[in-house]
Amino acid sequence: MKEKFNELLRQAESICVLGHISPDGDCAGSTLGVYNYIENICEKDGLRKKVKVYLEELSDKFAYLPGYSGICHDTEEKESYELAVVCDCGDFGRLGKYMRYAKEAKSVFCADHHITNSGFGDNSVIKPDASSTCEVVYDLFDEAYIDKDVAECIYTGIVHDTGVFRYSCTSGHTMSIAGKCMDKGIDFGSIIDDSFFSMSFQQKKILAKVLTDSALSEDGKIVTAYVNSADMKAFSVGKKDMDGIIDELRTTGGVLCAIFMYQMINGQYKISMRSNTDELDVSTVAAFFGGGGHVRAAGCSLSGKPEDIIAKLTERIRLQIG
Ligand code: 5GP
Ligand code: MN
């Protein structure tokens with residue numbers, strides 16, 4: 001598929017790069033990684049192409065990524081593209097408002113690592129064992145066009161989807177790609193601190209509130225917490241500020257499963273689930289409620305009272321952990 005990917009990039013005169021709604025570090029890293037890679041092909045080989053990345057607004061902690069300021073958030077545009085490269089998107093619906101660029105493209109190439117992705121597009125590379133989509137796309141890249149800019153993007157995505165090389169999705173291969181990125185001269189310490197660990201003052205405050213209000217159930221095996229829109233307003237935070245909260249819940253001692261949810265503008269709750277054991281596959285729980293993800297990290301959206309939603313999720317989790 002590597003050859004096919006590079007052939008498609010070379011042939012297409014116009015390419016859009018798309019990712020999932022509420023873009024995270026892996027989504028930003030993989031889409032911008034592909035963007036910079038294409039730019040390098042053009043520059044080195046004297047090719048001219050129209051290339052654009054479309055994503056929802058993403059956290060400004062990713063502003064250091066090369067190409068960040070060129071990301072298009074406009075939906076009114078009348079552009080169309082020959083090739084759409086779709087990254088980190090478990091299903092077609094997760095493209096959100098930029099879905100039409102994929103629908104209108106002559107060809108769609110999908111690169112992903114979600115176990116719940118059954119494969120869409122004319123060509124797809126889905127590797128559920130890969131730590132991140134950044135790992136998937138890196139393996140599609142030709143070494144000659146990987147520079148420091150590409151490396152910064154790929155390293156960022158790997159760092160985010162592995163929780164800084166801690167999650168079980170991290171493999172020797174993941175580390176060897178990270179090592180190759182480091183060899184390009186990236187400032188890996190700052191990338192980890194500034195994009196992964198750093199939180200704004202407001203984020204720290206809402207995190208403190210969430211942890212204070214969190215609850216244990218099922219003999220301490222499940223930890224749950226939520227924030228409604230009134231709390232989010234009171235703390236001056238939005239969905240972009242919710243990153244990292246689920247990870248603080250996940251590392252609660254003795255816990256097998258963490259559930260965190262926040263209320264979205266439409267009143268629904270966006271749910272994040274994390275599992276600390278391979279015996280509990282949260283992607284099947286999420287998929288049951290129309291979402292998806294990975295064995296140890298998954299999500300979905302549900303309407304209703306938070307207590308009722310937690311009860312519904314717990315019922316499905318209980319089926320697996322007894
Ligand atoms: P997070 O909890 O960080 O939002 O998401 C964890 C994982 O589950 C990510 O890989 C994310 O792409 C996936 N995920 C989260 N929410 C949904 C959803 O509603 N649908 C699908 N298909 N995947 C989701
Ligand atoms: Mn990912």
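Select ligand 1 and Gly292 together: a polar backbone atom of Gly292 sits 3.3 Å from a nitrogen atom of the ligand. Before you go on, keep in mind that you are looking at a predicted model.

Now show ligand 1 with its surface. On its own, ligand 1 would expose 490 Å², and the protein buries 84% of that. Which elements give two or more residues to the shell around ligand 1? Color β9 (269-275), β10 (292-293) and β11 (297-302), and you have them. Of the elements, β11 gives the most, with 4 residues.

**Second stop: the neighbors**

Next, bring up the residues around the ligand. There are 14 of them, and the closest are Arg94, His114, Lys270, Ser272 and Arg274.

- Pick Ser272: a polar atom of its side chain lies 2.6 Å from an oxygen atom of ligand 1.
- Pick His114: an N or O atom in its side chain is 2.7 Å from an oxygen atom of ligand 1.

Then color by domain instead: domain 1 (2-197) and domain 2 (202-321) each supply at least three residues to the shell around ligand 1.

**Third stop: the whole chain**

Zoom out and switch to cartoon view. The protein chain has 12 helices and 11 strands. Its radius of gyration is 19 Å, close to the 20 Å that the globule rule gives for 322 residues, so the chain is as compact as a globular protein of that length. If you draw a box along the principal axes, the C-alpha atoms fill roughly 60 × 40 × 35 Å. Color by accessibility, and 52% of the 322 residues of the chain count as buried.

**Last stop: Ile309**

To finish, select helix α12, residues 306-321, and find Ile309 in it. Is Ile309 buried or exposed? Its relative accessibility is 1%, and buried means under 20%, so Ile309 counts as buried.

Ile309 and Val159 are 31 Å apart in space, and 150 residues apart in sequence.

Notes: Residues numbered from 1 in each chain as written. Chains lettered and ligands numbered in written order. Predicted model: local features only at pLDDT ≥ 70, side-chain atom pairs only at ≥ 80, totals over all residues. Heavy atoms only, no water. Near = heavy atom within 4 Å. Polar contact = N/O pair within 3.5 Å; in protein donor to acceptor, adjacent residues only side chain to side chain. Areas by Shrake-Rupley, 256 points an atom, 1.4 Å probe, with all protein chains shown as cover. Domains from an automatic or database assignment. Rg over C-alpha atoms; globule rule 2.2 N^0.38 Å. Buried < 20%, exposed > 50% of the residue type's maximum accessible area, 1.4 Å probe, protein only.
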